[in-house]
Amino acid sequence: MGRFKNNKKSRVIVKPIPKKNQEDVSHVTGDKIPKSFVFSRMKLPGPVKQLQMDLRKLMLPYTALSLKEKKRNTLRDFLNVSGPMGVTHFLMLSKTASSLSLRVARTPQGPTLTFKIHQYSLASDIAQSQLRPRCPQDLFKSPPLIVLSGFGSQELHLKLATIMFQNIFPAIDINTVKLSTCQRLVLLNYNKDTKLIDFRHYSIRLQPVGVSRRIRKFVQNHQVPDLRNLQDVSDFVTKAGYGSESEGDEEAATVTLSSDLGRVNKGSTKSAVKLQEIGPRMTMQLVKVEEGLCTGGIIFSEYENVDGKKEKLKKKQDEEGDEEEEEEDSEEEGEEGSEEDGEDMDED
């Protein structure tokens with residue numbers, strides 16, 4: 001009797017997503033909610049593997065946090081799994097001896113954008129550099145907001161990058177969005193001079209303007225204040241030296257809330273918006289755009305553009321060299337003709 005071949009080794013293992021997070025259409029905008037897979041096509045070194053986990057955490061809650069890929073897995077395996085799960089985007093990390101790259105692709109037919117990562121910092125590195133790192137438990141329950149800066153160019157590859165990044169996170173309606181869901185921010189800043197993209201990930205927090213730090217901590221934490229060294233309760237409120245509030249009082253950093261947010265930030269009052277970086281941080285460059293999913297025609301290539309400029313410059317130099325040779329040849333012919341005329345005159 002024949003035996004069936006076991007194909008378990010070629011399967012992609014994905015931890016089931018709870019039913020409460022399996023909504024496919026946003027109840028606010030009516031659009032399909034984008035979901036993502038973050039994986040690699042090869043074995044990654046330890047720091048890059050941690051960068052992959054940081055990117056998965058950044059893409060929460062609509063990503064497979066426990067996605068396990070194997071060496072035998074092909075891109076077709078991920079594509080077969082992504083269809084039933086409603087996955088719309090792939091983020092693929094790859095590391096070679098000379099460079100680290102990130103490919104962002106739209107499933108199932110592309111396009112694919114390839115970024116070369118020049119520098120990166122892990123979320124743990126960012127936290128260690130801060131005096132008071134901030135990471136609340138409910139920080140990753142909602143998707144981040146996306147802010148693009150410097151992508152206003154009319155070039156086709158930048159337009160594609162803008163559309164890709166805008167559609168990789170769920171859209172929001174500013175009239176109906178809940179302020180409690182706006183807790184993270186992804187910022188991408190494009191520098192047209194260096195052609196580099198600065199990728200940053202921040203947490204958003206609000207602080208009421210005009211309220212001391214002591215009162216704010218007392219209301220938020222419900223801790224009994226230490227009044228042993230004070231003569232009166234009023235000293236706890238009016239005592240100076242509890243921290244500078246000048247940053248929160250800046251007009252450019254304040255907003256008026258439309259509804260209550262927590263115990264301290266009340267509606268119709270001014271609150272200061274503060275961003276704290278939580279990582280990961282990347283500096284990358286768009287080097288290639290393909291029509292399909294890692295295949296198809298090349299719409300843009302930074303390396304071909306450089307090579308093309310070199311070829312045009314060489315061709316122009318060759319043309320200038322040919323023109324100079326033609327001019328020299330014509331001058332030599334003119335000199336020969338004048339010598340012949342002189343000989344004829346002597347004979348006469």
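The largest nonpolar core holds 33 residues, and those that touch the most other members are Leu 93, Leu 102, Phe 115, Ile 117, Leu 188, Met 282 and Met 284. A nonpolar core here is a set of buried Ala, Val, Leu, Ile, Met, Phe, Trp, Tyr and Cys residues joined through side-chain atoms within 4.5 Å. The model is predicted: local features need pLDDT of at least 70 and side-chain atom pairs count only at pLDDT 80 or more, while totals for chains, interfaces and linings use all residues. Residues are numbered from 1 along each chain as its sequence is written, and side-chain values use heavy atoms, with hydrogens and water left out.

- Beyond its neighbours within four places in sequence, Met 284 is in contact (heavy atoms within 4.5 Å) with Leu 102, Phe 115, Lys 116, Ile 117, His 118, Phe 165, Leu 188, Lys 195, Leu 196, Ile 197 and Phe 199.
- A second, separate core has 13 residues, among them Phe 39, Leu 67, Phe 78 and Leu 79.
- In soluble globular proteins, nonpolar side chains tend to be buried together.

**Helix α2**

- Leu 75, Asp 77, Phe 78, Leu 79 and Ser 82 are the buried residues of α2; buried means under 20% relative accessible area, exposed over 50% and partly exposed in between (1.4 Å probe, protein chains only).
- The cover over these buried residues of α2 includes β1 and β2.
- Gly 86 follows α2 and has a positive phi, near 75°.

**Aromatic pairs**

- The count of aromatic pairs comes to five; rings of Phe, Tyr and Trp (its six-membered ring) pair if their centres lie within 6.5 Å, and planes under 30 degrees apart count as stacked, over 60 as edge-to-face and the rest as tilted.
- Phe 39 and Phe 78 form a stacked pair, at 3.9 Å centre to centre and 5° between the planes.
- Phe 39 is in strand β1 (residues 36–40) and Phe 78 in helix α2 (residues 75–85), so this pair links parts of the chain 39 residues apart.
- Phe 39 and Phe 78 are both buried.
- The pair of Phe 151 and Tyr 190 is tilted, because the ring centres are 5.6 Å apart and the planes lie at 40°.
- Phe 151 sits in the loop between β5 (145–149) and α4, and Tyr 190 in strand β6, so the pair ties together parts 39 residues apart in sequence.
- Phe 151 counts as buried at 9% relative accessibility, and Tyr 190 counts as buried at 12%.
- Phe 37, Phe 39, Phe 78 and Phe 90 are linked into a cluster by ring pairs.

**Cavities**

- There are four cavities of 30 Å³ or more; on a 1 Å grid over the protein atoms alone, a cavity is a set of points where a 1.4 Å probe fits but cannot get out, and lining residues have an atom within 4 Å of a point.
- The largest cavity has about 120 Å³ of space; grid points are joined across faces, edges and corners, and a volume is the space filled by probe spheres set on the points.
- The largest cavity is lined by 15 residues, and Met 59, Leu 91, Phe 165, Ile 168 and Phe 199 are the closest to its centre.- The lining of the largest cavity comprises 15 nonpolar residues, no polar and no charged; Ala, Val, Leu, Ile, Met, Phe, Trp, Tyr, Cys and Pro count as nonpolar, Asp, Glu, Lys and Arg as charged, and the others, Gly among them, as polar.
- The second largest cavity has about 50 Å³ of space, and its lining divides into four nonpolar, two polar and two charged residues.

**Backbone positions**

- The peptide bond from Leu 60 to Pro 61 is cis, with omega near 5°, and Pro 61 lies in the loop between α1 and α2.
- Gly 279 and Pro 280 are also joined by a cis peptide bond, with omega about 5°.
- Lys 195, in the loop between β6 and β7, has a positive phi near 65° and is partly exposed at 32% relative accessible area.
- Cys 294 has a positive phi of about 60° and is buried, with a relative accessible area of 17%.

Conventions: 1 Å grid on protein atoms, 1.4 Å probe; cavity = no way out; pocket = protein on both sides within 12 Å on 5 of 7 lines; lining within 4 Å. Helix = DSSP H or I, 4+ residues; strand = E, 2+ residues; numbered from the N terminus.
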